[in-house]
Amino acid sequence: MAYVLEYHLVHYRRTWRASVLSTFVLPLLTLVGFGVGVGGYVDGGIDGVPYLEWVVPGLIASTAVQTAIGESTWPVLSYFEWLKVYFAQAAAPLRTSAILGGHLAFMMFRVLLSVVAFALVAAIFGALASPWAVAVLPIGVLTGFAVAAPVTAYSASVSTDSYLAILMRFAVLPMSLFSGVFFPVETLHPVLRAVAYALPLWHGVDLSRSATLGLNPGWQGLGQLLYLLLWCAAGWFLALRRFRRRLVV
Amino acid sequence: MSPSSSSIHARGLVKRFESFTAVDGIDVDVRAGEAFGFLGPNGAGKSSTMRMIGCVSPPSEGVLEILGMDPRRDGPAIRARLGVCPQLDNLDAELTVRENLTTYARFFGIPRKVARARADELLEFVQLTERAGSLVDPLSGGMKRRLTIARALVNEPDIVLLDEPTTGLDPQARHLVWERLFRLKQQGVTLVLTTHYMDEAEQLCDRLVVMDGGRIVAEGSPRSLIEQFSTREVVELRFATDDQGSYADKLAGLADRIEVLPDRILLYVADGDEALAEVGRRSLEPASALVRRSSLEDVFLHLTGRTLVD
């Protein structure tokens with residue numbers, strides 16, 4: 001698995017410049033746009049917390065998920081359909097689990113980079129209230145994995161990228177909007193709220209918020225952690241099954 | 001041949017995809033150090049066989065041993081000693097020529113320093129040293145193919161699997177690839193290749209099998225197959241008519257086998273000049289006549305038919 005991760009890192013060394021802009025500039029823009037811009041209209045904050053401080057952990061978790069999805073959609077499809085990278089790896093003495101695990105490890109590296117970048121920008125804005133905020137890094141990676149693993153399974157199951165566009169429109173976009181990133185899920189219709197609870201992002205958002213605000217997540221936090229791990233495990237097994245079916249036929 | 005003395009040993013090997021049987025019970029023995037070819041039209045089962053040998057496709061039935069190991073159990077251990085050159089290049093277009101070799105070497109657990117040294121040697125071997133730092137994308141088809149072959153050699157494999165190694169290459173590139181493969185063979189590497197170019201098979205293969213419909217229909221050296229399934233020479237006659245077939249009767253008894261094609265008639269004979277003289281004695285006047293030696297292509301077409309397979 002380490003060898004596969006190494007391959008992706010060598011690959012990234014050639015292409016990282018293109019992603020620097022989005023990694024640092026996007027957090028800046030969203031912070032200014034939502035935190036400062038929208039926040040200016042939110043009098044008294046939410047739950048007694050200034051809006052900027054309230055929205056930042058949500059944006060960090062959301063960034064983790066966006067990066068995870070970016071890395072687990074087109075790249076995975078392309079490594080099967082267009083560049084055939086996975087097939088080249090399968091001809092070497094690697095197990096399918098190493099091919100999948102190495103790529104997911106790289107995705108988590110990318111997630112971590114984007115979370116670190118966002119947290120740095122947020123810290124400069126003074127939007128991180130508690131030293132517990134460092135916990136957003138592991139929480140971001142966990143949430144990223146909980147999304148990347150099942151999405152990898154999905155990307156490995158489709159043959160054209162129009163299916164990826166469907167995923168973006170009907171799953172990713174609604175999840176980003178209704179997972180308590182920009183406003184509390186309590187204001188949602190109960191059906192939408194149930195959907196938010198079922199999907200991984202809200203749990204990551206809520207855990208991150210407890211971290212940056214220095215709140216004790218309590219038993220609910222533990223439950224959320226376990227629930228995210230469940231998504232990770234289920235996603236991993238689904239993805240591994242898809243990879244085996246594609247690579248060993 | 002005992003299983004232990006062969007690099008690849010298959011008995012009753014079957015590959016089934018749901019209701020479709022791609023490989024239908026073949027027996028194959030490839031000796032260490034020989035160049036062995038799988039010939040056949042599209043859909044004959046060559047690539048499925050290669051994938052089973054490459055340990056990326058579990059056999060549905062039968063015995064398969066590679067380097068004395070069982071692909072079902074020892075896949076990674078076998079793949080560690082194989083080099084695979086797939087039909088379609090799956091190089092990494094975003095990496096340099098050299099990085100394609102060094103990153104691939106790492107999949108075999110080869111230390112970085114060794115990988116770098118070996119990459120340089122192999123680039124020399126496939127004459128790509130000058131392009132070492134260039135990206136893969138702008139390379140020509142022949143260069144990409146040579147790089148794929150170099151990549152298949154990073155682990156110093158015992159067996160190299162080549163699926164249609166020169167398909168789509170220009171003549172210069174093909175001859176360069178053949179020459180490199182021949183060098184490998186001289187170094188004692190076992191070569192297993194599929195092709196539907198008969199000249200390629202005659203150039204490279206010590207022994208080959210002709211596959212059709214998932215089965216082996218003939219086996220032997222190129223020379224022995226020609227002796228077995230064709231005559232020594234072939235006379236090609238073209239008559240100035242739309243109906244070549246009308247001449248078939250007049251040529252009766254002149255050849256071991258007569259084949260009437262839309263544009264010409266082929267006479268399979270032992271002595272081409274003698275047959276041509278007889279054509280003259282029967283006062284038939286072909287617009288053109290050509291005497292040539294029988295080739296593997298004649299054997300191939302005889303065994304697998306002239307119908308197009310897509």
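These questions and answers explain the terms used for a predicted model with chains A and B.

Residues are numbered from 1 along each chain as its sequence is written, and chains are lettered from A, with ligands numbered from 1, in the order in which they are written. In this predicted model, local features need pLDDT of at least 70 and side-chain atom pairs count only at pLDDT 80 or more, while totals for chains, interfaces and linings use all residues.

Q: Why is B:Glu99 called buried?
A: A residue is buried if 20 or more other C-beta atoms lie within 10 Å of its own, exposed if 12 or fewer, and partly exposed in between; C-beta atoms are placed from the backbone. B:Glu99 has 21 other C-beta atoms within 10 Å, so B:Glu99 is buried.

Q: Where is B:Glu99 found?
A: B:Glu99 is found in helix H3 of chain B. Helices (H or I, at least four residues) and strands (E, at least two) are DSSP runs, numbered from the N terminus. The C-alpha atom of B:Glu99 lies 9.1 Å from that of B:Leu135, and 36 residues separate the two along the chain.

Q: What makes H1(A) roughly antiparallel to H3(B)?
A: Axes are lines fitted to C-alpha atoms, for helices over the stretch in contact, and angles run from 0 to 180 degrees between N-to-C directions. Angles under 35 degrees count as roughly parallel, over 145 as roughly antiparallel, 65 to 115 as roughly perpendicular and the rest as oblique. The axes of helix H1 (residues 2–37) of chain A and H3(B) cross at roughly 160° and come within 8 Å. That is why H1(A) is roughly antiparallel to H3(B).

Q: Which residues meet where H1(A) touches H3(B)?
A: From H1(A) come A:Tyr3, A:Glu6, A:Tyr7 and A:Val10, and they meet B:Glu99, B:Thr103 and B:Arg106 in H3(B). Two residues are in contact if their C-beta atoms, placed from the backbone, lie within 7 Å. By class, this contact has three nonpolar, one polar and three charged residues. Ala, Val, Leu, Ile, Met, Phe, Trp, Tyr, Cys and Pro count as nonpolar, Asp, Glu, Lys and Arg as charged, and the others, Gly among them, as polar.

Q: How many residues does each chain give to the contact?
A: Chain A gives 22 residues and chain B gives 22 residues. On the side of chain B that touches chain A, helix H2 (71–79) and helix H3 (97–106) of chain B each give two or more. H3(B) gives the most, with four residues. By class, that side has 12 nonpolar, five polar and five charged residues.

Q: How do you know that H5(B) is close to its expected span?
A: The expected span of a helix is 1.5 Å times one less than its number of residues. Helix H5 (residues 141–152) of chain B has 12 residues, with 16 Å expected. H5(B) reaches 17 Å from its first C-alpha to its last, which is close.

Q: What makes H5(B) mostly covered?
A: Of its 12 residues, 10 are buried. Among them are B:Met143, B:Leu147 and B:Ile149. The buried residues of H5(B) pack against strand S5 (82–85), H3, helix H4 (112–125), strand S6 (159–163) and helix H6 (171–186) of chain B.

Q: What makes helix H1 (residues 46–53) of chain B mostly covered?
A: Eight of its eight residues are buried. They include B:Met50 and B:Ile53. Just after H1(B), B:Cys55 takes a positive phi of about 60°.
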